[in-house]
Amino acid sequence: MRLEDCLVPVWPAPPNVRALVTTRAGGVSVAPWDSLNLGDHVGDDPQAVAENRHRLRAHLPAAPVWLRQVHGTACVDAATAAPGSEADAVVTRTSGAVCAVLTADCLPVLLCNDAGTVVAAAHAGWRGLAAGVIESAVAAMAVPGESLMAWLGPAIGP
C-alpha cells in the first residue's frame, strides 16, 4: 500500500489532525476482495486481511482498534476500547491514537473540533444515520457544537 493510493481529505482541520481513506489498491487479497480489503468479517483469507492491515499500519502513528460494526449508534474511545468492540463510531482525545471505521457503500464521517483536541470517525449507513450514529459521536466528543467540523467521505449513491 502506498499513500498515493489513498484519498486525503481536504478540509480545514487543524494541522495536528490527519486523515486518510484507503482505496482497494495496494493489498494482497484476491477477487472478489481485491486488493486492500481490511475487513475480517467478509470471508476473505484472514492472512490476507492481516497483511493488508499490516501494510496500512506502516502509515499510521498507532494501530487502530478495529471495531465490530453493526449499523448501530455505539461510540467507543480509541484509547481504551478493546479490539472487536461493537460500535459504529470511535472518538479520541489522545494524541496519536487512530480512529478507524470500515466502509464499503456506507459513508465515513470524520469529525474534529477546531482546536484538534478531539476527533471522531463514524460508519454511517442509512440505518446508523437514521438511528443517530453521528449524534452519538458528537455527544461522545463533548465539545461545543459550534467548534465542530466534519468531512464526508466517499459513499455509494444514485
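# Salt bridges, backbone geometry and overall fold

Asp 5 is buried, at a relative accessible area of 16%. Here, buried means under 20% relative accessible area, exposed means over 50%, and partly exposed lies in between (1.4 Å probe, protein chains only). The side chain of Asp 5 meets that of Arg 2 in a salt bridge, at 3.1 Å from N to O. Arg 2 itself is partly exposed, with a relative accessible area of 48%.

The model is predicted, so local features need pLDDT of at least 70 and side-chain atom pairs count only at pLDDT 80 or more, while totals for chains, interfaces and linings use all residues. Residues are numbered from 1 along each chain as its sequence is written, and side-chain values use heavy atoms, with hydrogens and water left out.

The overall fold was examined next. The protein chain has three helices and five strands. Helices (H or I, at least four residues) and strands (E, at least two) are DSSP runs, numbered from the N terminus. From that terminus on, the order of elements is α-β-β-β-β-α-α-β. The C-alpha trace spans about 45 × 35 × 30 Å along its principal axes. The radius of gyration of the protein chain is 15 Å, which agrees with the value near 15 Å for a compact globule of 158 residues. This radius is taken over C-alpha atoms, and the globule rule is 2.2 Å times the number of residues to the power 0.38. Of the 158 residues, 42% count as buried. Contacts (heavy atoms within 4.5 Å) were also sorted by sequence separation. Among those between residues at least 6 apart in sequence, 49% join residues at least 24 apart.

Charged side chains were then considered. Side chains of opposite charge can pair when their charged atoms come close. The structure holds five salt bridges. Each is a side-chain nitrogen of Lys or Arg within 4 Å of a carboxyl oxygen of Asp or Glu. The bridge between Arg 2 and Asp 5 is one of them.

Another salt bridge joins the side chains of Asp 34 and Arg 24, at 2.9 Å from N to O. This pair links distant parts of the chain, ten residues apart, with both Asp 34 and Arg 24 in the segment before helix H1 (46-57). Asp 34 is partly exposed, with a relative accessible area of 35%.

Glu 86 forms a salt bridge with Arg 68, and their closest N and O atoms are 2.5 Å apart. Glu 86 lies in the loop between strand S1 (75-77) and strand S2 (89-92), whereas Arg 68 lies in the loop between H1 and S1, so the pair ties together parts that are 18 residues apart in sequence. Both partners are partly exposed: Glu 86 has a relative accessible area of 44%, and Arg 68 has 46%.

The structure holds zero aromatic pairs. Such a pair needs rings of Phe, Tyr or Trp (its six-membered ring) with centres within 6.5 Å; planes under 30 degrees apart count as stacked, over 60 as edge-to-face and the rest as tilted. A charge does sit over a ring, however. Arg 53 lies over the face of Trp 66, at 4.2 Å from the ring centre. The criterion is NZ of Lys or CZ of Arg within 6 Å of the ring centre and within 35 degrees of the ring normal.

A cis peptide bond joins Ala 31 and Pro 32, with omega about 5°. Pro 32 is found in the segment before H1. A cis peptide bond also joins Asp 34 and Ser 35, again with omega about 5°. Ser 35 is likewise in the segment before H1.

Positive phi values occur at non-glycine residues. His 71 has phi near 60°. His 71 lies in the loop between H1 and S1 and is partly exposed, at 33% relative accessible area. Ala 142 has a positive phi of about 55°. Ala 142 is found in the loop between helix H3 (133-141) and strand S5 (148-152). At 61% relative accessibility, Ala 142 counts as exposed.

Asn 113 is placed in strand S3 (residues 107-113). Asn 113 is buried, at 5% relative accessibility. The Asn 113 side chain reaches the backbone nitrogen of Val 118 at 3.2 Å. Not counting residues up to four places away in sequence, Asn 113 touches Pro 14, Val 118, Met 141, Val 143, Ser 147 and Leu 148.

How values were computed: Polar contact = N/O pair within 3.5 Å; in protein donor to acceptor, adjacent residues only side chain to side chain.
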